[in-house]
Amino acid sequence: MKLSVIIVNYNVKYFLEHCLYSVRKAMRDMEAEVFVVDNNSVDGSVQMLKSKFPDVTLIENKENAGFAKANNQAIRMSKGEYVLLLNPDTVVEEDTFSKCVDFMDSHPDCGGLGIKMIDGQGNILKESKRGFPTPWASFCKMSGLTSLFPHSKRYAQYYMGHLSYDKTAEVDILAGAYMMLRRECLDKVGLLDEDYFMYGEDIDLSYRITKGGYRNYYYPEARIIHYKGESTKKASLNYVYTFYNAMAIFAGKHLGPKQNRLYSLIIRMAIWLRASLGFLSRIFKAFALPLLDFVLIYVAFYFLERAWALSYWGRADYYPDDYMLVAVPCYILILLLSVYVAGGYTRTLRVHKILSGFFSGMILLLVFYSLMPAELRYSRALVVMGSVMSFAVVMLVRIVIGFVRSGSFSLGEERSLRYAIIADEQEAERVAGLIRQTELRPAFIGLVSVGPKPEKESFVGEVSQIEEIIRIYAIDEVIFCAKSLTQTRINNLMTLLSRYNVRFTIAPPTADFVIGSNTINSPSDLYVINVNSVSSEDNRRKKRLFDLGLCLFLSLFYFFVFWFQHRPLGLLKNIVLVLLNRKTWVGYCNEGQVGSLASLKPSVLNPGDALPAEHLEQATLHKLNLLYARNYSLANDYNIIIKGFRHLGR
């Protein structure tokens, strides 16, 4: 056996499927084997593997064993002369494996090999080659000096910036996303260190390879796409802690006492700094726009109150101080909360949602106003005028934001995109149909043939004309079909078209999805046939509000409700878990086998609880899940709650 490919997967089913299609092509005419170690994924990865890749050796862990331990499980079972550790969020070219094996065969001193990695937009990833993370190199990276002097041998040691990305070179550290290893070397220096749960194990092994008398090489003649970051949420506090803790483990093992103390100090500072910045960044992103709205509306209310008091009552200080200090903030909070509930703070701007939110908030304010004591009913006119004025302020804010982002005085509503699909005739039409079945509502889909242009109106040209097609048809996104194009050609086209302001996505063969670089940060950019109404932004918000509302109701009336429960204490526990967003009141049947449906929190009840039968067949449960996901509505949740009310303590 020449090559053993090992992939550790954790909840990245779509990326894994695309990766394995590319691996299958790259292994042709080569004696090779593939292992996938699944670390207890819940996204249907295992079911997909069993149905679409039965030739892959699957290791199913019942818990998340971590990257190092999972790789070692497969390494011990593998038989290849070379072992390749490969991330699931990668795509290899057809000749990637053969080129790397040939290089290893001709360089017996090579213990480990890394290659050129590009992201989903065709840009080279700096992690393709790395230097040893000395305290100085780490400080330069964390302080930003590396970014300021990216080609400096002194300040860019972390990424070995002085070395060209286009020349083969000896490097200190290999990236774990693609790490080809000589088994003879592994037998000598040992496997991955399982003290590292995730991150750092590639640095540790690379260091031990050089200490064992072998060399690590960067080899740019072979390439992969690496959708960096999909299998881990890099902005999370857990990522920050795990990554820098791994660096601390490395320092303790391989650096001297004095260096270790300095390194540990840098690590602790970095953890606190990154954690603090990450926390503040998340808070800012979540509340910046509502806070801006609140402040500007408050200022507008101040001038409105003064102007109204002066014109109607004859003096600007007619209303008491409590009006601006207490009443107006309460008005604004009710208005903005109504806008949120209506969907006015979704990622896509919807003017009608904002308008309906302010109208609902105004009606709610007028109802409260009529119930207040006479001395607190300051002015019904100010409530109505303030609500209308608040809508105007919010819309003005959105117009300004739209201008800052796009340079045009528009409301910034998300426009329909224009697509170009590069494929043969049959595959192009299949993928176009897939796009139309999603919620994208494309403005234009132009099909681009890889061969002679078919005599069909939907085909706008051939792949050799793609640059002209992008300009003439104002294309926003280019979709490459992997069934019709080699991965090498896709990568070359991405490089060619990188100067245009377009996005790239790839449609794997026979799959019902396409993936691209934007999918990493925005899961909604993973284009899947829409069977997941429950996953839309509006429905997620409505479902969460429904959960919280039911928690409030059950808490207020607990001492009445618990008499009707099979497990009263279980109800109390579920209320707490739902409040903490650890559970949802209604979800899927048989949650471990939901396949490609949108993920939901573990649930208390499911659609099966609305049926009289106690035992349902697996096929029936699957259909219930599909119908629940596709046709989600609050009415369905309410109906299931009523039918399964006695089981809320489950």
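Q: What makes helix α8 (residues 201-211) largely enclosed by the rest of the structure?
A: The count settles it: 9 of the 11 residues of α8 are buried, so the helix is largely enclosed. Buried means under 20% relative accessible area, exposed over 50%, and partly exposed in between, with a 1.4 Å probe and protein chains only. The buried residues are Glu201, Asp202, Ile203, Asp204, Leu205, Ser206, Tyr207, Arg208 and Ile209. After α8 comes glycine 213, with a positive phi near 95°.

A word on the source: this is a predicted model, where local features need pLDDT of at least 70, side-chain atom pairs count only at pLDDT 80 or more, and totals for chains, interfaces and linings use all residues. Residues are numbered from 1 along each chain as its sequence is written, and side-chain values use heavy atoms, leaving out hydrogens and water.

Q: Why is isoleucine 575 called buried?
A: Its relative accessibility is 4%, and the limit for buried is under 20%, so isoleucine 575 counts as buried. This residue is found in helix α19 (residues 568-579); helices are DSSP runs of H or I with at least four residues, numbered from the N terminus.

Q: Which residues is isoleucine 575 in contact with, leaving aside its neighbours within four places in sequence?
A: They are Cys551, Leu554, Ser555, Tyr558 and Trp585, where contact means heavy atoms within 4.5 Å.

Q: Why does cysteine 551 count as buried, and why does cysteine 330 count as partly exposed?
A: Cysteine 551 has 1% relative accessibility, so it counts as buried. Cysteine 330 has 40%, so it counts as partly exposed.

Q: How many disulfides does the structure hold?
A: It holds 0 disulfides, a disulfide being a pair of cysteine sulfur atoms within 2.5 Å.

Q: How do helix α17 (residues 537-556) and helix α21 (residues 634-643) pack, and at what angle?
A: They pack at about 30°, with axes 10 Å apart. Axes are lines fitted to C-alpha atoms, for helices over the stretch in contact, and angles run from 0 to 180 degrees between N-to-C directions. Lys542, Lys543, Phe546 and Leu550 in α17 meet Leu634, Asp637, Tyr638 and Ile641 in α21.

Q: What makes the residues of this contact 5 nonpolar, no polar and 3 charged?
A: Ala, Val, Leu, Ile, Met, Phe, Trp, Tyr, Cys and Pro count as nonpolar, Asp, Glu, Lys and Arg as charged, and the others, Gly among them, as polar. Sorted that way, the residues of the contact of α17 with α21 divide into 5 nonpolar, no polar and 3 charged.

Technical notes:
Helices (H or I, at least four residues) and strands (E, at least two) are DSSP runs, numbered from the N terminus.
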